[in-house]
Amino acid sequence: MIGRRTKFHFVMCFALLCCVGSIATNAWAQNGGDLRFCVRSEPKTFDPLLVDDDSSLSIRYLTGGVLARVNRHTQELEPELAESWKVSPDSKQITFKLRHGVHFSDGTPFAADDVAFTVQRLMDPALHSNTGDAFRSGSGAVTTKVIAPDQIAITFPAPVVGLDRMFDEVAIMSAHSAKKEGAVLGPFMVAEYKPGSSVRLERNPYYWKKDAQGRRLPYLDSIHIDIQGNRDVEMLRFKRGEIDLINVIDTDYFDRLASSSPQLVHDAGPSLDSDFMWFNEVGNAPIPEYKRAWFGSVNFRRAISEAINRDDLARIVYNGHAQPAVGPISPANKFWFNSHLKAEAHNPQGALERLKADGFHMQNGTLVDKSGNQVEFSIVTNAGSKARERMSVLIQEDLGKIGIKVNLVPLDFPSLIERITHTFNYEAAMLGFRNIDLDPNGQMNIWLSSASNHAWNPEQKSPATAWEAEIDKLMREQASTADLKKRKQAFDRVQEIVYEQAPLIYLINQNALSAVSTSVAGASPGILYPQTFWNAERLTLNGTTTAKR
Amino acid sequence: MLGRIARHIASIAALVLIGGLLSATLVRMAPGFDSDERELDPSLNAESVHALRAEHAGENNILAFYSAYLRGAMHGELGVSHSLGQPVSRLLGERWPVTVRVAGIGLLLGWVAAALLAFVGCLWQRPLYHIFGGALSGAFLCIPAAVLALASVILNAPGYLAIAFIVFPKIYRYSRNLLGKSYALPHITAARARGVGEMRILICHVLPIAGPQLIALAGITVSLALGASIPVESLCGLPGIGQLAWQAALSRDLPLLVNLTVLVTLVTLLANSGADVMICMTRPRQG
Amino acid sequence: MKAARVLACVIVVAVCALSLCANWLAPGGYAKQFREAPGAPPSREHLLGTDEVGRDRFARVLYGTRISLLLAPAAALVSTALAALVGGLAGYLGGIWLKVARAFTDLFLSLPWLFLLITVRALLPLNVSPLSSVLITFLILGLLGWAASARVLSTSANTLRNSDFVLQARASGAHGPRLFLIHVLPNLKPVLYAQFWISIPVFILSEANLGVLGLGVAEPLPSWGSLLRELEGMLSFREEPWRLVPLGLLIVVLTSFQLLLEKEEVTA
C-alpha cells in the first residue's frame, strides 16, 4: 500500500521531472492539460448560427471554424479556412478560395458545399439569426455558387460593407455530417454538457492548424468550462487555482489581486464597452408632457451630461480602470474613433447656464422649469450590476448639486427590457453596451431612427428631428460605399452629432481587466472578445498544475 | 378508510392544479413576461426582434396555455423550457436528485442541531446557555443566505451545510419555545420533583404535548429547505431544482415555472399531509 | 437572569436613542459622499470607515437603524397577527375551517411570490419616495410572511380545542371570541413569539433582497438590510473586519429582543 505521503512525494517528483524536462526541451508543454474557466450563465444554444449570449459565444469561438478571423491582437483579418478571398468592387459578392485537406471533427471532409449550406441556412429569414441579420442590407435572396470544390462565390442582393470581416462570426457547419452542429472545424469540440454545471470541450483531433514545428494544434487536451454566475465564487476559485483565467474581472477583485499578486492580472486599457444613460423621448410614452419637453431639449440633455463628473465615475467606481467616455466609439477602436472629440468636462456652472437658456431656474435650492414644475426624474437600471448601481448613486449626487432630484430604480432585467422596449414607461435609463464589432455598421440598428434599438425613440416612421434625419442619411451613406475614407468621414460626423445632441449620454469606457494564472503559458489578454483565450489553440498549461489536479 | 384516502388524494390533486394555474397567472401578469434579453442586441434587425416578441404569443391567454399544458401532462409531456431549450421532464429528472440530497441532508442536520440545542436548553436551564442559544440562532438568522452559501464555498464545505445553517435558527426557535412551554407545565415540575427520569419525562410527558406541533413544524421546514436551496444551489454551483427555479424566474420561463410550482406544491402538500397523518396517529384518541 | 434582562433593556434603549440622535452624532448625514476617501478604513472622521462611494458607514448604520428597527418589528407584528388569526382561528374552529385554512396555507407556501412583488413594483409609480417605497415593502413582507407559522399554529390550536381546560371553560359558559382570546390565544404564545422574533431579521434581509426588484429602501437611504448585503462581496473577513459591525449590532439587538420578549418562559 502506498501511503498518502508517498503518493504526494511521487506527484512532486513527477512535477519536478516535468519542470526539468520543460527547461531542457520545451516539449512537454505540447502535451495537453485541461484548461479551466467559468462562464456566467448557461449556454443557451450550441447551434453556432443562433448564438446570442456570452456563454454560447465562448463555446462557438472555441469550437467553430471560420473562413477568416479578426486577429484579436492586431485587429487585422487573417485567413483561416479560406486561403484567400476577393470582394467585388460593389461589395455585393465575395469569392473564397478554401484550404485543402481540412476535415470536420468527425472526419467528414470540408468543401465548398459546406460553406454554401452554412450561408444558406444563416440567411434563411425564418432562422432569425443575429449573425445572419448583420449581413442583411437589402431585401432579396442570397445566392451561393460553388465554382469548384475549393471555391465558392456568395452574392448578396445589396452591398454589404465590411463584408469580409463579418465572416469572423460565421462558424461553418457541415452539410453532410450526421452529427450536425456536433461536427466542427475549430480547435475544440463539445464532449460533454452537464446542464447547470459545466461544459467540457476536447481537442479536435482533425483540427487543421499546425504550429511552426509542424505539431498539430491545439496544445491543450481539453477545456473545462464551469457555469458559475457568481463572481465572488469565480474569484475564489481562481485564487485557489481551481480555474485558470477570468475573462472579465470586477475592479474590486482586480485591485485586490493586483496588490497581492500583480503577475496574475492584466489591464489591457480601454475596451470597446461603454456605459451610458438616455432620456425617454418616445412621443406617446406614459410620462407627463412637461417632462417630455425637458427630455426633448438638447440644452437639458447636455446640461445633465455636463453636470456628471465622469472623472469621479472612473476613479471611484472603477478605481481608475476606466476612462470618461466620449461617444459611441471607444478610443480603443483606433480607426473609427473621432479623435477631435473630447469627453464632456464636469462643469456644473455651464450646466446651469444651459438650463437657464431653457427657462429653468433655481428656487430654494431646487431646480424648477419655466412652468414651475420641480425637476425630478427617475433612472431605471438593471439590478445586480454593482458598478452601475454605484455610478447611479454618484450621478444622483452630482445632479443633486444643481438642484435636480433623481430617484434610482434598479429593476430585474426582464422588467427593465419591457419598460424600455415595449411600454416606454420610464424617464431615464442607464445601461451598458458590450461591443464586439469594430465596424460602425454593427451599430446600424442603434442609430437609424427606424430601428428597434434606437433607444431613446425607437421605430420612428420618419425621423422626429432634423439631426436624427441627418444621422439616418450619414449611416446609410457609410453603409453604401466600400471607400473607407468616405465611410470614416460620414461616421465621424455621426459621432459629432451624437456629441452635440447627447441623445445617449456616454459615461465611461471601462478597461479590459482580466486575470490569468501563471500556470497558463502563451496568454496575451487583449481588449477584444474573448480577451484571455482568443489564442486558445496555442495556450499551454504548466506541468505542475496539471500534476496537481 | 379507503374513501378518506381517496378524498385526500383528490384534494391534493385539486390543490396542485390550482397551484399551477395560480403560478402561471402570477408569471403571466408580471412585467417582462414577453420581453427577451436578445431584443437589445443591435445586430438583430426589426423582423427578428418582432419574431422574438411573437414567441410568447402562444402563452398570452393563460387559460388556453394551462389547458394545453394539462392535456400534455396527461400524456407525460411537460413542455419545453424556453430559456434552456430542453424538455422540462428531462431537466427536472436530471436535477431533482441533487436537491433531494442537498436539501434533505441539510434539513436533517438542521433538525438534529436545533433539537439537540433546544432539548439541552430545556434540561439545563442556565441563563447563559439561553443567551448563547439565542445569539447563535440570531447570528445565523441575520447573515444573508448568500453569505452563508459563499462561506461554505470559501471553506470548501458541502452545500447542505449552508442549508442546515439557514434552516437551523428557525427550527431552533420554534422547537425551543414549544419544548420550553411544555417543560413549564405544572405536571412536569411535579414529575421532576418526584424524581422521574429526564428521558421518561421527555418521552411520556413532554413529547405528547409538544409532539404534534413539532411534527407540523417538520412539515413546513420542508418548504423552508426548498426555499433555502435557491441561493445555495446557485452559489455553490449545484445543478438542482433551486438553481433551475432561479434561472427560470429570471428568464420568465413559463413552462418551466409552472412545472416547478406544481412540483413544489406537491412536495409541500405531501410533507404537510404526512405531518397531519402522523399527528392523527400519535394523538391519543379522545371520546 | 434579571441582570441579563436589564442589560438587554439597556442595549435596546441605547440603540434606539443612538439612532434617534443620528442628526447630532453624524452631522454629515447618510448620503454625503466623501469622494476623496471611498472605501476608507475606520478613522477619527469616519468611525466605521466609508462605503464604496465614500459615504460614512457609521452615519449609515445609525440612520439605517431608524428605518429597520421601526419597520421590521412592525411588519413582524402584522405577520404574527395574521398567523394567529388564520392558524389559531382555523385550528380552534376545526372541521371544514381547518381543512380549508390548511389547504390555503399550503398553497400559499408554494406559490412563486417573487412575481407578485415584481408586479407590485410595476404598479407603483417610478418616482415613489424612498420612504413610501420602504413602507410598502415592509407591508408586503408582513402580509406574505405568515403562512409557515400559521400551519404550526393551526395544529397547536386544534390540540388545545380538545384539551381539558378549554372543555372546562366551555362548560362553564365561556364561548366564542372570549374563549378564543382568553383561553386559546395565550397558549399559542410560544409559536407566536418564535414567529415574531424570526420575522424581524428575515424581513430586514428580505427588504434588501427586494432592492433587486426596485422595491425596498431606495438609494441613498440606508437600511440594515443593505448594510448586511455589503457582506456578500467579502471573500475574506480578515481584510475589513469593521464591515461586520452592522451584523454584530443586529445580532446583539435581536438577542436582547428575545430576552425581553420571553421572560415568563425563561423564568419557568
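Colleague: Which residue stands opposite A:Ser274 in strand 19 of chain A?

Modeller: That is A:Phe433. Keep in mind that this is a predicted model.

Colleague: How many bridges join strand 13 of chain A to strand 19?

Modeller: Six bridges join strand 13 (residues 274-279) to strand 19 (residues 428-433), and the two strands run antiparallel.

Colleague: And what about strand 13 and strand 20 of chain A, in which sense do they pair?

Modeller: Strand 13 and strand 20 (residues 504-516) pair in the antiparallel sense, over four bridges. A:Asp275 has A:Ile508 as its bridge partner in strand 20 of chain A.

Colleague: What holds paired strands together in general?

Modeller: Backbone hydrogen bonds pair the strands of a sheet, either parallel or antiparallel.

Colleague: How many residues of strand 13 of chain A are buried?

Modeller: Six of its six residues are buried. Both faces of strand 13 of chain A are covered. One side has A:Ser274, A:Phe276 and A:Trp278, and the other has A:Asp275, A:Met277 and A:Phe279.

Colleague: Other sheet now. In what order do the four strands of the open sheet in chain A come?

Modeller: The order is 4-5-7-6, with antiparallel pairing. Neighbouring strands of this sheet are turned by 20° against each other on average, direction ignored.

Colleague: Which strands stand at the edges of that one, and why is one side of each left without a neighbour?

Modeller: Strand 4 (82-87) and strand 6 (143-148) of chain A stand at the edges. Each has a single partner strand, so one side of each has no neighbour in the sheet.

Colleague: How many bridges does strand 4 of chain A have with strand 5?

Modeller: Five bridges join strand 4 of chain A to strand 5 (residues 93-98), and these two run antiparallel. In strand 5 of chain A, A:Ile94 is the bridge partner of A:Val87.

Colleague: Which strands does helix 3 of chain A lie across?

Modeller: Helix 3 (residues 112-122) lies across strand 5, strand 6 and strand 7 (151-155) of chain A. Its direction is at about 175° to strand 6 of chain A.

Colleague: Chain B next. Is helix 6 of chain B mostly covered or mostly uncovered?

Modeller: Mostly covered: helix 6 of chain B (residues 145-154) has eight buried residues out of 10. The buried ones are B:Ala145, B:Ala146, B:Val147, B:Leu148, B:Ala149, B:Leu150, B:Ser152 and B:Val153.

Colleague: What covers the buried residues of helix 6 of chain B?

Modeller: The cover includes helix 6 (231-240) of chain A, and also helix 7 (159-183) and helix 9 (198-236) of chain B.

Colleague: Which residue with positive phi follows helix 6 of chain B?

Modeller: B:Asn156 follows helix 6 of chain B, and its phi is near 60°.

Colleague: Why does B:Leu52 count as buried?

Modeller: B:Leu52 counts as buried because it has 20 C-beta neighbours inside 10 Å; the cut-off is 20 or more. B:Leu52 is found in helix 2 (residues 46-54) of chain B.

Colleague: What is B:Leu52 in contact with, leaving aside its neighbours within four places in sequence?

Modeller: With those left aside, B:Leu52 is in contact with B:Asp36, B:Arg38 and B:Glu39. By contrast, the C-alpha atoms of B:Leu52 and B:Ile131 are separated by 58 Å, with the two residues 79 apart along the chain.

Colleague: At what angle do the axes of helix 7 of chain B and helix 10 of chain C cross?

Modeller: They cross at roughly 155°, and the axes come within 8 Å. An angle over 145 degrees counts as roughly antiparallel, so helix 7 of chain B and helix 10 of chain C are roughly antiparallel to each other. The crossing is right-handed.

Colleague: Which residues make that contact?

Modeller: Among them are B:Tyr174 and B:Leu178 of helix 7 of chain B, and C:Tyr193 and C:Trp197 of helix 10 of chain C. The residues of this contact divide into eight nonpolar, two polar and three charged.

Colleague: Last topic: how many helices and strands does chain C have?

Modeller: Chain C has 13 helices and zero strands. Of its 268 residues, 50% count as buried. The C-alpha atoms of chain C fill a box of roughly 75 × 50 × 35 Å along the principal axes.

Colleague: And what share of the contacts in chain C with a separation of 6 or more comes from residues 24 or more positions apart?

Modeller: Such residues account for 71% of those contacts in chain C.

Notes:
Residues numbered from 1 in each chain as written. Chains lettered and ligands numbered in written order. Predicted model: local features only at pLDDT ≥ 70, side-chain atom pairs only at ≥ 80, totals over all residues. Buried ≥ 20, exposed ≤ 12 C-beta atoms within 10 Å, placed from the backbone. Contact = placed C-beta atoms within 7 Å. Axes fitted to C-alpha atoms, helices over the stretch in contact; angles between N-to-C directions. Parallel < 35°, antiparallel > 145°, perpendicular 65-115°, else oblique. Left-handed = near helix turned anticlockwise from the far one by under 90°. Nonpolar A, V, L, I, M, F, W, Y, C, P; charged D, E, K, R; others polar. Pairing = 2+ DSSP bridges.
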